[in-house]
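We will go from stop to stop, and each stop says what to pick and what to look for.

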Amino acid sequence: MVLYDDIGRTYTATRQADPRIAAQVDRALQGASTVVNVGAGTGSYEPPTTVVAIEPSRTMIDQRPSGAAPAVCAVAESIPLEDDAVDAALAVLTVHHWTDLERGIAEMRRVARRRVVVLTFDETVTRDFWLLRDYLPAAREYDRAHAVPMERLVAALGPCEVEAVPVPHDCVDGFAAAWWRRPAAYLDPAVRAGISVLSRVGDAEIRHGLERLEHDIAAGAWAERYADLLALDELDAGYRLVTVDL
């Protein structure tokens, strides 16, 4: 994937599995003794039962830790495994990057005997995240145009369970909404480098929004405007865990 060959060079600096989210993913995979991780990236949220990872970006594969499951440079739409090869197929924050959602989901269903688990986000909720709504509307519009609608994902998977994945206030995985109670983090280029949607928007638009954010933080306006957030320990920012038993 060209995007992650470009932005993924320092991915592991700010993107690592948050243990609370990982526990939720692990519960969804309970009972699966063999797992394929599709769109695996550097291996975040990859359970120890993973037998193979599928990842199109060599840059991401090269950052996988020693001892991780073997990785194959391939795409979700063409998983190089036999039918019913594993107990479960997992996809973490990746379906919005696929070129053909339905084909990718069909491939996951083909290679999994028992279960498919997908961690994704519901754009109808994430669009109201304060960073996108109030400071980076161009990124919000990009997500609106390119995110996978939950209805489409559920239709491709079949009857499934959808559960919210709350984001802890001190989340250690630096995805887009992870810093919801720590706004100054978004001013850090290293943090932004791990957030794919920000790479899709023009530099001038990002810079303008971040200048306003920096000003509001310094002036105390951000803390005043979002005072209700400062009292929360976790936030439903639209992340969803979708599970289907086959």
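Select V38 and A91: V38 stands opposite A91 in β4. This is a predicted model, where local features need pLDDT of at least 70, side-chain atom pairs count only at pLDDT 80 or more, and totals for chains, interfaces and linings use all residues. Residues are numbered from 1 along each chain as its sequence is written, and side-chain values use heavy atoms, leaving out hydrogens and water.

**Stop 1: the strands around β4**

Now colour strand β1 (residues 35-38) and β4 (86-92). Helices (H or I, at least four residues) and strands (E, at least two) are DSSP runs, numbered from the N terminus. β1 and β4 run parallel and are joined by 4 bridges. Two strands pair if DSSP finds at least two bridges between them.

Pick A88 to find one: its bridge partner in β5 is R115. Then trace the chain from β4 through helix α4 (residues 101-111) to β5, a right-handed β-α-β crossover. Right-handed means that, with the strands pointing away from the viewer, the path from the first strand over the helix to the second runs clockwise.

Is β4 enclosed or open? 7 of the 7 residues of β4 are buried, so the rest of the structure largely encloses it. Buried means under 20% relative accessible area, exposed means over 50%, and partly exposed is in between (1.4 Å probe, protein chains only).

**Stop 2**

β6 pairs with β9 in the antiparallel sense, over 4 bridges. Click A164, and look for its bridge partner R240 in β9.

**Stop 2: helices with a buried face**

Return to α4. Its buried residues are L101, G104, I105, E107, M108 and V111. They cover an arc of only 155° around the axis, which puts them on the same side of α4. The arc is that of the directions from the helix axis to the C-beta atoms. These residues pack against β1, β4, β5 and α8; contact means heavy atoms within 4.5 Å.

Next, select α8 (residues 150-157), where M150, L153 and L157 are buried. Seen down the axis, they fall within an arc of 65°, so they line one face of α8. Which residues are on the face turned away? E151 and A155 are there, and they are exposed. The buried side packs against α4, β5, β6 (161-164) and β9. After α8 comes G158, with a positive phi near 95°.

Move to α7, residues 137-146, and find the buried A139, R140 and D143. Their arc is within 105°, so they line one face of α7. What covers them includes β5, α5 (123-126) and α6.

**Stop 3: the cores**

A nonpolar core is a set of buried Ala, Val, Leu, Ile, Met, Phe, Trp, Tyr and Cys residues joined through side-chain atoms within 4.5 Å. The largest one has 48 residues, and W130, F175, Y186 and Y239 have the most contacts inside it.

Zoom in on F175. Not counting residues up to four places away in sequence, F175 touches R15, I21, Y45, L93, V167, I195 and Y239.

**Stop 4: two residues with positive phi**

Most residues other than glycine have a negative phi. Select Y45, in the loop between β1 and β2 (50-54). Phi of Y45 is positive, near 65°, and at 6% relative accessibility Y45 counts as buried. Then select L93, in the loop between β4 and α4. Phi of L93 is positive too, near 45°, and L93 counts as buried at 15%.
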